[in-house]
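Dear colleague,

Please find the structure below, handed over for your own study.

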Amino acid sequence: MLTYIAKRFVGMAVVMFIVLTVVFVIVRLAPGDPAALMLGPEATPEDAMALRERLGLNRPIFVQYASFLGQIASGDLGSSLFFNRPVLDVLAGRAEPTVFLSLFSLIIAIVIALPIGLVSAYTRGSLFDQASVSTAMLAASVPSFWTGLLFQQYLATKTGWFPVAGYGGPDADFFDRMRHLILPSIVLGIVNSALILRFSRAAMLDVLSDDFVRTARAKGMSEWRVVLRHALKNALIPIVTVVGLTFALLISGAVVTERVFNLPGIGSLVVGAVLRRDYPVIQGTLIVVAGLYVLINFLVDMLYLAIDPRVKY
Amino acid sequence: MADTTSMPMEASLAKVLVQRRAVILGLVILAVFGAAAILAPVITPFEPAAMSVRNRLTAPNATWWLGTDEFGRDIFTRLIYAGRVSLLVGGGVAIISSLIGIALGLAGGFFRRLDGPVSRVIDAMMAFPDILLAISLVAALGGSLINVVLALSIVYAPRIARVVRASTLVIRELAYVEAARALGVATWRILVHHLLRNMVSPIIVQATFIFAYAMLAEAGLSFLGVGIDPETPTWGTMINTGRQYIDTAGWMILFPGISITLCVLALQLVGDGLRDALDPRISKEL
């Protein structure tokens, strides 16, 4: 068990090392002088020179790479060129809407998808099953920003049921801010429910044909007990995996959804950073988000241990 | 696919596919969009950039089938020309990411020494959310059509690589591969003729889904204003500009959205049908 965890940590470290290398390469892919690009057309050559000096861009590429790795390893993600503050601070300041948007939409997705997936699997081939599978496929095909715009128009602007956009202004209290996340969460939740529905249906189908389910029925156990106690419990493992994997999907969705609803989250931050060529922010966001993904999938694996006594590492 | 032994399987595959109404529906939708993209100048009398200021923001009518935009440009015409771009991006990404993924996957699956590094690289690339990685790559490369295709190909190549690696690990151990090695067949010949040819189907299934994801991602990038340059009409940019006029000219975002949805849905229907047809275990369940 401990050896397994140690091995996993080594694996995670290797993956993070590659993540850092990829990020380093991406930022240096930009053709031309990054310092001049970051400063824009009005900058003087002296400004560019000073920035190059500050960012260490005039040192050999391997020296840059080594100092980049060292800097990240010490927990320093550099400073934003636009905000003139450490990237970690900037990210922390923008994390709240993204974190809660992702969390709420994940909850909404599970609440929609899990029961439908279970009933679908249980009534395989029925009209209900066909309808839910088709609807899920449709939901996965609609661009989330388009759904977002339509929902915004018809459930907020025209009816006033939800706040139209924004995060409640600078004085908004926590409750007010969360109120602004309801509609975006519904949009993102619907999009993400498609994948969870398909997985929970497939997992349940798999389990329902297992011997122990037949045995449970043969023992005369009540049907709902068979389904909920025996089948669902065993179908949970693949379902938990997909919930872990949904994280990447949630962040991608959040980037676009934040833009629709004008939420000051990580997504808006990155899009703004791209338009302003604020490379340290792009770089820092990629590293933090990829790191979280690696960590969450590790935690999901650990969760298996708790759910399934057969899994031993 | 010249050897006769695989013929019966492929014939039955085609039959299974045609028997599925969903697959036919998907293929028909794709054919319509494909034909419209190819025949664009024949179908519509207008130019995609032709403005008619007097007719700006006109609701759909007999002349302007799907209405006009803020410059009086015909939405139907722009929709068709934008479809060209969207389909080109989707198709281009499906092909290029497959090529990269095949090379990576074969290398990792066949050469044991490379398996560790290749697998870790796949893991690392999959740790980035697709839109986020694509935005960063486009930011670095610059927002042209080719760079968007390239960026999305890099984003989706690991998915193909994973499928190819897994298939390679299985096929590598089969007797005929061992026989070919014993006969002294060149490694590249084994890779192409014995391995690659036997995993064409799972690659096509995965590439079909990547086609769909890439279309969605491209639309997302264009919507965010960090994709292909905004002068080129794409479904994403049409929605992005249309959102300012959503109160008065809802048709501006309605039709591009429907187009994206239909194309992505069609690709998923075809991909699903292919997968089920190739996996007899699943097709029995349905």
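A:R214 and A:D211 both belong to helix α10 (residues 211–218) of chain A, where three residues, about one turn of the helix, lie between their positions. A helix here is a DSSP run of H or I with at least four residues, a strand is a run of E with at least two, and both are numbered from the N terminus. The side chains of A:R214 and A:D211 meet in a salt bridge, at 3.2 Å from N to O. The term salt bridge stands for a side-chain nitrogen of Lys or Arg within 4 Å of a carboxyl oxygen of Asp or Glu. Side chains of opposite charge can pair when their charged atoms come close. A:R214 is exposed, with a relative accessible area of 56%. Exposed means over 50% relative accessible area, buried means under 20%, and partly exposed lies in between (1.4 Å probe, protein chains only).

Before going further, please note that this is a predicted model, in which local features need pLDDT of at least 70 and side-chain atom pairs count only at pLDDT 80 or more, while totals for chains, interfaces and linings use all residues. Residues are numbered from 1 along each chain as its sequence is written, chains are lettered from A and ligands numbered from 1 in the order in which they are written, and side-chain values use heavy atoms, with hydrogens and water left out.

A second pair in chain A is A:R179 and A:D176, which form a salt bridge with their closest N and O atoms 3.1 Å apart. Both are in helix α8 (residues 174–179) of chain A, and because they are three residues apart there, about one helical turn separates them. A:R179 is partly exposed at 36% relative accessibility, whereas A:D176 is buried at 18%.

Chain A as a whole has 13 helices and zero strands. Of its 313 residues, 47% count as buried. One of the buried residues is A:S185, with a relative accessible area of 1%, found in helix α9 (residues 182–208) of chain A. Apart from neighbours within four places in sequence, A:S185 is in contact (heavy atoms within 4.5 Å) with A:L101, A:F104, A:S105 and A:I108.

How many residues of chain A are in contact with chain B? There are 49 of them, in contact with 45 residues of chain B. The two chains bury about 4000 Å² between them, and 74% of this is on carbon and sulfur atoms. Of the area that chain A buries against chain B, A:M137, A:F145 and A:W146 supply 15%, more than any other three residues. Buried area is the accessible area (1.4 Å probe) that two parts lose on being put together, summed over both.

The rule finds one salt bridge across this interface. It joins the side chains of B:D272 and A:R198, at 2.8 Å from N to O. B:D272 also meets B:R275 in a salt bridge, at 2.9 Å from N to O. B:D272 is buried, with a relative accessible area of 12%, while B:R275 is partly exposed at 33%. Over all chains, a search of the whole structure finds eleven salt bridges.

With kind regards
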